[in-house]
Protein chains: 2
Amino acid sequence: MADIINAFVDGGEFRIEGAAQGSLANPLTGRSFVAKDLFDVAGYPTGGGNPDWQRDNPTPTAHAWAVQTLLDAGASLIGKTITDEVSLGILGENPFYGTPLNSAAPDRVPGGSSSGTAAAVAAGLCDTGLGSDTGGSVRVPASFCGLYGIRPTHGRLDLTGMLPQAPSSDTTGWFARDAATFRDVSSVLLGETIDTSTPTRLVIAVDAFGFCEPETTRALSPLVEALAGLVDDVTEEVMAPQGLSVWGRAQRTLQPAEAWATFSDWVERTNPRLAFNVARGLVMGSQVPEADWHWANMMRREVRARLEYLLPPGTVLAMPTTPFPAPKKGLPLAEQNRLRDLILCLCAHGGLAGLPQVSIPGGLVDGAPVGLSILAGRMEDARLISLACALENART
Amino acid sequence: MADIINAFVDGGEFRIEGAAQGSLANPLTGRSFVAKDLFDVAGYPTGGGNPDWQRDNPTPTAHAWAVQTLLDAGASLIGKTITDEVSLGILGENPFYGTPLNSAAPDRVPGGSSSGTAAAVAAGLCDTGLGSDTGGSVRVPASFCGLYGIRPTHGRLDLTGMLPQAPSSDTTGWFARDAATFRDVSSVLLGETIDTSTPTRLVIAVDAFGFCEPETTRALSPLVEALAGLVDDVTEEVMAPQGLSVWGRAQRTLQPAEAWATFSDWVERTNPRLAFNVARGLVMGSQVPEADWHWANMMRREVRARLEYLLPPGTVLAMPTTPFPAPKKGLPLAEQNRLRDLILCLCAHGGLAGLPQVSIPGGLVDGAPVGLSILAGRMEDARLISLACALENART
């Protein structure tokens, strides 16, 4: 089974038992999880999806904070999972380790860069799993694999032991197949009890629904209606007055430039082997003009201001997670990059504004999953989880 | 022995016997050769120094023209040798297959892209070997490994079955340790009897000797004097009135742009794994502005005109092959690229003008070889070989 899914890195299947239960059962006792190969696990190499990164970096002697936190809560770690190379990718195809299987749509990509974690959770190999989301790397595979996935408030979780990409956008996220597991894991990682209180106001992002393919909007509309039934007040708003593509371009300026700053020492020192498109992204990052970077940062301020205005406490915004379900595997690069940029236009606000976002299994387009996202203001992560639970109850 | 040299690609050591001798002995009977892994050998994959190129291309069913020609002349092929990836490199470090040993200077690079062929010939694993020279890929490893090497007149040899890079500059070249073997192989591949008549006039390229490091100029001066003793008339001239760096920049514009045209279909279709610097070179090639390409072609006309003016029949030009001996292995990329561009300034005329050039073992700098080059007019290849033989005789 695990072989077919191809979720794990070479030698990345093992078992580290969670903390034994005390007088009270630990909250995640009996639950299993995987960790994207960006997270340190003591005694196992951190490969970052690239054999030369693994070669050039020492095997860690301590667990990453998120790994340790889940182990302390009683969950058992069953392996390390494939990621796009040093998290630079959104589709989940890694030429060194292969493409993890999207068991919900086997001829399609799983989404990335948290591809192996999403594949492992979707296939039922484990209950939950750690990923990272800088430009969409949890939200996109959650959407494509039909999972719950969260990108928490930026800066909220301790990222110690997680390989960085673009620190001003990096977050640790996680996945689950059902809302109850998602809630339990979220409570542990957020360090917050998650009660049943839910937001009272819903904003529907009409520009985001207009940006995505009509089939996706149609597939998500029953869930949007169900969501509307759970709140007191529903309004439609333009999420990005400047344009989702303007937001996308700003993130596509800042993130590659920051990734180049993160990886340039390693790259220039060791000349690593990389998939061409990963290398090209790094080169593009190295070429971002100072003025473009400067004005993209100005746009970031506007994105933050806009979303804080739209999302006072108690308000949640609904939008499609991705403009379409998972693309087919093995597309030419020009087509991959076209699709990546379309996806990015719906994901850029995450890295730009740092607000929490949960992707919920939303519907099917041509039999393939696509997710509905809910966003809230800073530190309102728990309200998104509560709402996801209420929505699952309302559907069943 | 062969293991230490690391000249051969995986599975690239074998033996294909040369044609049995007829009533007259074939000219290369008893001689052995290797072929850079850009040359087709029927029944063996053409890897081009990259595992994904090998995966994506069918195993050839016919020998490359140059391979067949040497076999027909009685030489035996003993293997396929490591090259910089798809011939894009000048130092000879390949992270997929390792760096072939420069047995004349083991802590230094062998030079590339014909690295494995030069290493095999230098170590005495074979008598001669096939390489290719687009921007210096025979001349540079010949200089660094202390070998005879030729870049013949562009367009003279049939390149069928040799993986192209930049067709307006591509040539098939070869190496030998001694002038007699070099002459015999050259006679076969050029299809021309090589008599003992030598050029009568020598031009010393003062700008090229000024461009290279003073130690290199000093190391080569005894050989330049010996060369002067073989001709009737010696003059000093500026080779590149526009500047060797202007010539270098023109070639560094045209060649990467043409390489991108050659490889872009493969790259965009398959997203191959490449060393970062190889990928960066391709990206740079994809970004050459049309106007830069246009004016670089204008400069190419000027280079051709200048060298044709300097090199009427019977005249030969002497210059250092490289500005210094082989650099140390494993330098950071910024330093590698700085050295590459210095080397390129002394090699660019080859691709730009297409004139024949022979590199002769020239001298030692800090114990490492550096080559002296002689150039002649179009189709004067045989006169360069004759002169190399006469010079070897004069030295011994």
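## Charge and Surface of Chain A

Chain A carries 29 positive and 42 negative side chains, and the centres of these two sets are 2 Å apart. Lys and Arg count as positive and Asp and Glu as negative, while His and the chain ends are not counted; each charge is placed at NZ of Lys, CZ of Arg, CG of Asp or CD of Glu. The model is predicted: local features need pLDDT of at least 70 and side-chain atom pairs count only at pLDDT 80 or more, whereas totals for chains, interfaces and linings use all residues. Residues are numbered from 1 along each chain as its sequence is written, chains are lettered from A and ligands numbered from 1 in the order in which they are written, and side-chain values use heavy atoms, without hydrogens and water.

## Overall Fold

Chain A contains 13 helices and 12 strands; helices (H or I, at least four residues) and strands (E, at least two) are DSSP runs, numbered from the N terminus. Its C-alpha trace spans about 60 × 55 × 35 Å along the principal axes. Of the 396 residues in chain A, 61% are buried, where buried means under 20% relative accessible area, exposed over 50%, and partly exposed in between (1.4 Å probe, protein chains only).

## Core and Contacts

The largest nonpolar core has 143 residues, and A:Val67 and B:Val67 touch the most other members. Such a core is a set of buried Ala, Val, Leu, Ile, Met, Phe, Trp, Tyr and Cys residues joined through side-chain atoms within 4.5 Å. In soluble globular proteins, nonpolar side chains tend to be buried together.

A:Ile78 belongs to strand S3 (residues 76-81) of chain A and counts as buried because its relative accessibility is 14%. Beyond its neighbours within four places in sequence, A:Ile78 has contacts (heavy atoms within 4.5 Å) that include A:Phe8, A:Phe14, A:Phe33 and A:Leu125.

Most residues other than glycine have a negative phi, and most peptide bonds are trans. In chain A, the peptide bond from A:Gly112 to A:Ser113 is cis, with omega near 5°, and A:Ser113 sits in the loop between S3 and helix H4 (115-122). In chain B, a cis peptide bond joins B:Gly112 and B:Ser113, with omega about 5°.

A:Ser87, a residue other than glycine, has a positive phi near 65°. This serine, A:Ser87, lies in the loop between S3 and H4 of chain A and counts as buried at 4% relative accessibility. For B:Ser87, phi is likewise positive, near 65°.
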